[in-house]
Amino acid sequence: MLTVFVASFILFLLIIGGMSLGYVFKRKSLQGSCGGITALGMDKVCDCPEPCDARKKRLAKEALRREQLEKHRIL
């Protein structure tokens, strides 16, 4: 019983180590295999007409960042 546990533990460590080495050397961000809801053309998961407060803050930050980038490109 203990040998099965140790063998499984070592196997999992090797798999996790291999995955982390692939991530470190390729420098690609982790992503799902099917693309998630964006592959379906959806912007958000819920069907609510008004975005939540956290999404409003994030959209405002992105808009401000874009404005600052455009301002610096013009100057």
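Helix α1 has 25 residues, which at 1.5 Å a residue should span 36 Å, and its end C-alpha atoms are 36 Å apart, in agreement; the expected span is 1.5 Å times one less than the number of residues. Helices (H or I, at least four residues) and strands (E, at least two) are DSSP runs, numbered from the N terminus. This is a predicted model, in which local features need pLDDT of at least 70 and side-chain atom pairs count only at pLDDT 80 or more, while totals for chains, interfaces and linings use all residues. Residues are numbered from 1 along each chain as its sequence is written, and side-chain values use heavy atoms, with hydrogens and water left out.

The protein chain holds 2 helices and 0 strands. Just after α1, Arg27 takes a positive phi of about 55 degrees. Of the 75 residues in the chain, 1% are buried, where buried means under 20% relative accessible area, exposed over 50% and partly exposed in between (1.4 Å probe, protein chains only).

UniProt, in an unreviewed entry, places a "transmembrane region" at residues 6-25; such annotations may be inferred rather than shown by experiment. In the model, this span is 100% helix and 0% strand, and its end C-alpha atoms lie 28 Å apart.

One aromatic pair is counted, with rings of Phe, Tyr and Trp (its six-membered ring) pairing if their centres lie within 6.5 Å; planes under 30 degrees apart count as stacked, over 60 as edge-to-face and the rest as tilted. The pair is Phe5 and Phe9, stacked at 6.3 Å centre to centre with 20 degrees between the planes. Phe5 and Phe9 are separated by about one helical turn because they are 4 residues apart in helix α1. An α-helix has 3.6 residues a turn, so residues three or four places apart point the same way. Phe5 counts as exposed, at 55% relative accessibility, and Phe9 as partly exposed, at 49%.
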